[in-house]
Amino acid sequence: MPTDLAPEQDLSGRFRSLRRIGEGTYGVVFKAIHVRDNVKCALKMIRTDRDEEGIPSTCLREISCIKDLQHDNIVTLFDIIYANSKLYMVFEFIDRDLKNLMEMLEPTGRMLPKEYVKSFMWQLLSALSYCHLRRIVHRDLKPQNILVSDSGVVKIADFGLARNFSFPSRNYTHEVVTLWYRPPEILLGSQRYSTSLDMWSLGCIFAEIASTKPLFPGECEISQLFKIFEIVGTPNNKNWPGVADLPHYKAVFPQWSFDLNKLEEMSCLTGHGLDVLQEILRYPPERRLTAKGALSHRYFLQNEFTQNRPTVTELIKQIRMHSRASSSSSRQEKSTF
Ligand SMILES: Nc1ncnc2c1ncn2[C@@H]1O[C@H](COP(=O)(O)OP(=O)(O)OP(=O)(O)O)[C@@H](O)[C@H]1O
Ligand SMILES: [Mg+2]
């Protein structure tokens, strides 16, 4: 267990009511109230390598860069505090993450209403398009790093953070880091990280919010690859020129072909939505739909949700009502609210 958990002392009274709310790959997150401004914050304490002296300057430079990212769908970084050899990032506090929301839905056997799926995707693509234009890649998009406010605003957390590190296999408290959102080029050992990496992760998240089930829930790197191949097909030099040159590619991989029916069944998406997903899940990273390209897809033409964004508070109320109503009856067929 980490021994360096004494943020109150480090922050010398600037925050009160600290409560630990989670931990991730690089550190621990606390909810707190900023005393002077009386606002709720999320304090992210970044682990520093014990062998290193303090925080590497490249890391600090990158983090300062995140401070300049200003977008409605990116969590605002208020401040960076360096105290007692620890780095604290002070973020705006958002009510819950997307994983929490999916976990509330899952036992009800119901799915997120279509207008939420579209609204969340639109907002996430807007944030990605903004960052990708500035050549900033997230590299670790997953439901835990997507925060959802009561009013239905979706915000990406931890932008740019992962850029300073190699892909870790274990997190701060040595839990295995999820591979479910990792693109095939990284699993096959490519070291060229481009913005298309985030698009693959977003494609997996799209299918997950539409169906309430992870699309590719692999248990280790090889099972992760095979989960992808079973639906998208085993890659070869025809559908992905140059794949055979990637370090972990094997000519003896089991052979599957692309299965659109299975993708439809797994993602619960149809029509234009399924089309967007298909265009995101392209093997050659350069052929993958870009965030900007996705925003002008026909799927978003009917954008009634932008004026009338669904509130999440209302949705949660409905989830609670439905789970109470159905707790006495047997589990029904999957449907939306
Ligand atoms: N700004 C925030 N407001 C509210 N909750 C937050 C905020 N930032 C993070 N959290 C919560 O704290 C949890 C832990 O955050 P953290 O980023 O350390 O871990 P993670 O997202 O699970 O993994 P990773 O380190 O790989 O991003 C998040 O999953 C989220 O639930
Ligand atoms: Mg995170």
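Where does UniProt place the feature "binding site"?

1. **Basis.** This is a predicted model, in which local features need pLDDT of at least 70, side-chain atom pairs count only at pLDDT 80 or more, and totals for chains, interfaces and linings use all residues. Residues are numbered from 1 along each chain as its sequence is written, chains are lettered from A and ligands numbered from 1 in the order written, and side-chain values use heavy atoms, without hydrogens or water.

2. **Annotated site.** UniProt, in an unreviewed entry, puts the "binding site" at Lys44. Such annotations may be inferred rather than shown by experiment. Lys44 sits in strand E3 (residues 39-46). Its relative accessibility is 7%, so Lys44 counts as buried (under 20% relative accessible area, with exposed over 50% and partly exposed in between; 1.4 Å probe, protein chains only).

3. **Overall make-up.** The chain has 12 helices and 10 strands. These are DSSP runs, numbered from the N terminus: helices are H or I with at least four residues, strands E with at least two. Of the 337 residues, 51% are buried. Contacts (heavy atoms within 4.5 Å) between residues at least 6 apart in sequence join residues at least 24 apart in 67% of cases.

4. **Magnesium.** Asn145 (OD1) and Asp158 (OD) coordinate the magnesium ion, ligand 2, at 1.8 to 2.0 Å. Asn145 is in the loop between helix H4 (114-133) and strand E8 (146-148), and Asp158 in the loop between strand E9 (154-156) and helix H5 (184-187), so the pair ties together parts 13 residues apart in sequence. Both Asn145 and Asp158 are buried. Donors are N, O and S atoms within 2.8 Å of the metal (3.2 Å for Na, K and Ca); water is not among the atoms, so sites may look incomplete.

5. **Cores.** A nonpolar core is a set of buried Ala, Val, Leu, Ile, Met, Phe, Trp, Tyr and Cys residues joined through side-chain atoms within 4.5 Å. The largest has 81 residues; Leu98, Phe120 and Ile209 are among those with the most contacts inside it. H4 gives the most to this core, 10 residues. Domain 1 (9-92) and domain 2 (98-315) each supply at least three. A second, separate core of 13 residues includes Phe15, Met45, Tyr88 and Val90.

6. **Helix H9.** In H9 (residues 271-280), the buried residues are Gly273, Leu274, Val276, Leu277 and Ile280. Viewed down the axis, they fall within an arc of 155°, so they line one face of the helix. Their cover includes helix H6 (196-211) and helix H8 (260-267).

Conventions. Domain bounds come from an automatic or database domain assignment. The arc is that of the directions from the helix axis to the C-beta atoms.
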